Amino acid sequence: MSDRAPSLLVAAPWVDSPPMAEGADREQLLRELAERDAEIARLRELLVAKDVEIGEERGRRLELESYALRLISYGRLAKLAVTRPGYVLRRLRERRGGERG
Amino acid sequence: MASVADAPRFSVITPVYDTPADVFWAMVGSILGQSFGDWELCLVDDCSPAPHVAALLDEVEGLDPRIRVSRRPENGGIVAASNDALAMARGEFLALVDHDDELHPDALRLVEAALRAEPEADYAYTDEDKVDRAGHHSGPFFKPDWSPERMRTQMYSCHLSVFRRSLVEEVGGFDPEFEGSQDWDLVLKATERARAVVHVPRVLYHWRMLEGSTAGSDEAAKPWAFEAGTRAVQAHLDRIGMPARVTHDPDDRGVYHLDPVLTEEPLVSIVIPTAGQVREVRYEPVVLVSHCLRSIVESSTYENYELVVVVDTPADPALLEELRQIGGERLRLVEYDKPFSYSDKVNVGAAAARGEHLLLLNDDIEVATPNWIERMVMYSGMEEVGAVGGRLLLQDERLQHVGVRFEGGLPGHPYWGFRGDFRGYANACRIATNCLAVTAACLMTRRELFEQLGGLSEQFPVNYNDVDYCLRLRQAGRRTVYDPDLKMFHFESSSRSSDVEDWEKRLFREMWLRFTDPDPYSNPQLRHELPRPSSKFSWMPRRPRLRRRRPPKGQPA
């Protein structure tokens, strides 16, 4: 049994299509259908592989974004250290407290 | 032999071998400069061939009465020298310091404070960083609180390690069989018996990067040390009776993997709540639960499991028939006719389950690791472990779940969306570790525990029920484990909205804030599991005096 959703099959108007051609035409059509199915499967595999490739790039981009944000944060901290050293030192002390609840 | 009253609080034990003079003095100076003075330094020269070492030791011996020196007549390796130093030591606690490393000026004082706060502590460790010969600091390692599972796949506590001396003597000191990883072996042996372990989340140890040292080079520097590490962990697994075999990652230094070697296969009940939804998975519309079941049946190598599928009624008869065809005799269908509540649905499924272990699984999961059930049983079978989860990947193989972390008392997925092979901070994604919670999209727990705790809480019908369950397990003294080698695909949020309601957040924080903030398996210096920018300053003295003092009144600036 196909794992397609039953609702999709019911909704498809071409399910009740007329019978396929007889004889040599039938064989030809079946062969063409099989070839087309194989081609669809091949293309789907290509798409999935492409997805993974793009996923890796997207993941790397997210990682870089995260590093960039931290770098910006670092810059802000450096600026604050110059303009408001007391505030920064207080925050650092709090941070390095490391209390556990 | 001095009396107990005369014994110092800490014995710093340091084997010496061909130490360059500058780093030796830096090490000795860092001990002499400690803000806590009740210590002794036990130096053991392992018959260094370099002629300057003898002169150095002669000089340092007369420097302070707390410095004691012993000279071995022949070279015996680091284990023999460490054991000699151990025999010299009189202190209540032993601090292991290498001959070329440095301690933070407050190291012993802060460790002392932590040990005083936890009188039962038999082992303490601190955060560390690396320092080059010129004194430049880098690579801080901010560690989690005590994580036994992590310790089996990564020697993460490393420096500074402080042991109760009586415990070290009880386990027989350093074992020459594990030369190179003798410290890891000692930590494993000691923590098997320790009453409590303390972590001081401050960078108090500076590990010197020198050519040829483990800190300063790649794995090629000491390959035998990593081999010894494998043997030390295997010996530990055999001692505690964990059915696993350890292997050393060939590509990644410091990463070890555990593979299950089960002697028996208890019945596992895989509970899958479903609404029979359809979704496009890899460009093909599929019924999620059928796809999930098929992947379990076709991929799993574990034999003894049952499938408990909880379906909403009225269920599509064609779907039920399909599930029966896939699941065969393993399948048990449970009908659910109440309004949607994930917690209740899982509890109903668990009530129908017969297995010793419950494996809660979302219907949008696809199995990617054939021995996934074995891996989970390996951990779940341990008495102290409450729940086990794995590494979940999105459809495009990016990270979805590597264990839940908490910030501000609320749970989140660190590294979500990062590429699948992302290592995480200090290899966090690649090593087995403890966390406060794992997602119920793929979670194994013992049925006995599940029943004792009353299953998933119906206070959280949609979100946070899994996290709440794991936290209740922790309250009951059980650990939650993340296994990185258990990979599954999770076609996330295909079944419902991922939005968390405000009332859920409020209620969760009210209930759990004091357990989850701060997250003990993270570190105050980490944010989103990556070092905070301000952590770069963590090596600074405790009270830096950068502020310019104002001149007294009446005086010119």
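**Confidence**

The predictor assigns the complex a pTM of 0.87 and an ipTM of 0.75. For chain B the average pLDDT is 89, and 92% of the residues score at least 70. Residues 538–548 of chain B have a pLDDT below 50, and this stretch has 14 contacts in the model beyond near neighbours in sequence. Where pLDDT is low, the predicted coordinates should not be read in detail.

**Domains**

Chain B is divided into two domains, domain 1 (10–250) and domain 2 (268–519). Their C-alpha centres lie 40 Å apart. Eleven residues from domain 1 of chain B and nine residues from domain 2 of chain B form the contact. On the domain 1 side, helix 5 (residues 148–153) of chain B supplies the largest share, five residues. That side of domain 1 comprises five nonpolar, three polar and three charged residues.

**Helix pair**

Helix 7 (residues 182–193) and helix 8 (residues 223–240) of chain B pack with their axes 9 Å apart, at an angle of about 15°. The angle falls under 35 degrees, and the two helices are therefore roughly parallel to each other. Their crossing is right-handed. The residues that make this contact are set out below.

| Helix of chain B | Residues in the contact |
|---|---|
| Helix 7 | B:W184, B:D185, B:L188, B:E192 |
| Helix 8 | B:G229, B:A232, B:H236, B:R239, B:I240 |

By class, the residues of this contact between helix 7 and helix 8 of chain B divide into four nonpolar, two polar and three charged.

Note on methods: Residues numbered from 1 in each chain as written. Chains lettered and ligands numbered in written order. Predicted model: local features only at pLDDT ≥ 70, side-chain atom pairs only at ≥ 80, totals over all residues. Domains from an automatic or database assignment. Contact = placed C-beta atoms within 7 Å. Helix = DSSP H or I, 4+ residues; strand = E, 2+ residues; numbered from the N terminus. Nonpolar A, V, L, I, M, F, W, Y, C, P; charged D, E, K, R; others polar. pLDDT = per-residue confidence, 0-100. Axes fitted to C-alpha atoms, helices over the stretch in contact; angles between N-to-C directions. Parallel < 35°, antiparallel > 145°, perpendicular 65-115°, else oblique. Left-handed = near helix turned anticlockwise from the far one by under 90°.
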